[in-house]
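Please look over the sequence and the structure before reading on.

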Amino acid sequence: MRMTVIGTGYLGATHAACMAELGHEVLGVDVDENKIEALKNSKVPFYEPGLPEVLERNIDAGRLDFTTDYDEVAAFANVHFIGVGTPQQRGSYAADTRYVEAVIDDLVPKLQGHHVILGKSTVPVGTAAALQERADKLVQDGASVEIAWNPEFLREGYAVKDTIEPDRIVLGVRGASATHEESRAEEVAREVYATPLENDTPFIVTDLQTAELVKVSANAFLATKISFINAVSEVCENVGADVTQLADAIGYDDRIGRKFLGAGLGFGGGCLPKDIRAFMARAGEVGADQALTFLREVDAINMRRRQRVIDLAREELGSLIGRNITVLGAAFKPNSDDVRDSPALAVAGQLSLAGASVRVYDPQGMDNARKVFPTLDYATSLEDALNGAELVILATEWQEFKQMDPVWAAGLVDKQLLIDGRNVLDPQTWQAAGWQLRALGRTLG
Ligand code: UDX
């Protein structure tokens with residue numbers, strides 16, 4: 001099947017490469033010429049394990065190409081995916097939908113024949129219907145465009161697997177009406193996703209607004225789960241209880257489950273923080289003012305965890321001015337170079353603003369971190385990062401940090417003091433090697 005993927009950021013580039021991997025002929029498009037040039041040369045402009053191989057294999061096989069030319073896109077296929085960004089608006093919680101709108105404005109007037117546009121971007125409920133109206137006004141006589149919504153649930157770090165073997169496929173389609181013929185989107189999606197559907201992937205076909213809400217609800221639920229355990233973690237700290245054992249214990253109840261009960265520095269990234277805020281803003285706009293106010297609390301609990309690490313640093317060091325602090329991690333989570341709203345980088349930045357001399361190390365996120373916080377000191381390796389540290393903060397749980405040998409690390413630092421911001425180190429092993437350990441939600445003797 002032939003298709004185009006519009007927007008080649010995290011979501012779009014992964015989707016384009018993975019659709020080609022499923023055997024389709026795919027053209028990816030973006031307005032950013034540098035990005036397109038890189039992708040054409042089989043270079044992924046961000047870190048995602050496994051994606052460079054999929055990209056190269058499919059470009060070599062002739063199934064995947066990239067362009068900046070919308071005329072090419074209009075002529076290439078009758079099925080188009082939208083994977084452009086919907087960032088948080090400046091000065092508001094709401095999502096900015098101008099890039100999805102721009103896709104409709106640029107593409108639709110060029111289309112001939114019958115086209116199906118499947119939106120993958122995370123959008124406020126009601127966007128797909130508004131885009132359909134927009135497209136209807138722009139479409140040429142004799143041509144038709146159907147907008148459907150097919151939200152994406154991929155996780156950074158597992159993007160290839162999540163796209164090729166999704167745990168569910170959700171499709172929102174419009175109803176037939178006086179102005180629109182019957183929807184063809186389900187038939188198109190069944191062909192696009194023939195391989196996962198053969199493998200019994202659940203396929204939920206619903207209306208546009210439900211599909212839009214599925215995505216933001218899933219992310220709001222995940223964020224709530226993390227903030228729930230982090231709120232409990234605050235109580236644990238005050239009474240000397242252990243939040244990790246508590247999470248294990250409640251996680252055995254399969255109605256609760258242990259996943260996303262990892263207490264620590266909390267969530268960040270390009271999705272969870274922005275999506276819960278956009279969801280709250282949209283709920284207010286559609287008249288459900290009270291419905292999601294608890295998400296404010298979810299957001300606040302999450303932000304308090306960053307402050308808690310700063311407070312712990314102060315408790316241990318007294319004044320922060322001029323103190324050598326090493327922050328391990330800059331990416332918002334391991335296996336990613338994404339530093340958007342990264343708890344690790346927020347902590348590093350705040351410590352630096354409080355006068356500490358902060359050195360940061362991340363296996364993949366250094367270049368992006370440097371762009372956001374050029375004033376921090378960036379180490380060249382884990383060893384370099386630990387040299388002379390008076391306090392080490394483990395802020396992103398990369399494997400390299402989890403496997404660190406406490407005896408080796410002790411030989412490098414000035415003071416054996418560590419805050420485990422992700423609850424991933426074994427306290428006994430570290431304490432046996434002479435370290436003083438602090439953690440979130442646990443009192444370590
Ligand atoms: C998320 C959703 O999981 C995905 O389905 C959606 O498509 C996009 O948003 P992603 O942003 O890649 O994916 O990250 P995710 O793995 O969900 O982690 C989000 C944040 O939560 C990270 O900062 C992570 O460190 C944090 N987290 C996760 C915790 O603090 N504790 C946990 O137990 C799990």
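Which residues does Lys333 touch, not counting residues up to four places away in sequence? Lys333 touches Glu156, Gly157, Gly269 and Thr396, where contact means C-beta atoms, placed from the backbone, within 7 Å. This is a predicted model: local features need pLDDT of at least 70, side-chain atom pairs count only at pLDDT 80 or more, and totals for chains, interfaces and linings use all residues. Residues are numbered from 1 along each chain as its sequence is written.

**Feature with Lys333**
- The unreviewed UniProt entry lists a "binding site" whose positions include Glu156, Leu261 and Lys333; UniProt annotations may be inferred rather than shown by experiment, feature names are shortened, and positions follow the numbering used here.
- These positions span 181 residues of sequence and lie up to 24.6 Å apart between C-alpha atoms.
- Lys333 sits in the loop between strand 9 (324–328) and helix 14 (343–353); helices (H or I, at least four residues) and strands (E, at least two) are DSSP runs numbered from the N terminus.
- Lys333 counts as buried because it has 21 C-beta neighbours inside 10 Å (buried: 20 or more other C-beta atoms within 10 Å; exposed: 12 or fewer; partly exposed: in between).

- Another "binding site" in the unreviewed UniProt entry includes Thr86, Thr122 and Glu156.
- Thr86 lies in the loop between strand 4 (79–82) and helix 5 (98–107), and its contacts include Tyr99 and Thr122.
- Thr122 is buried, with 24 other C-beta atoms within 10 Å, and touches residues including Thr86, Lys215 and Asp275.

Conventions
Contact = placed C-beta atoms within 7 Å.
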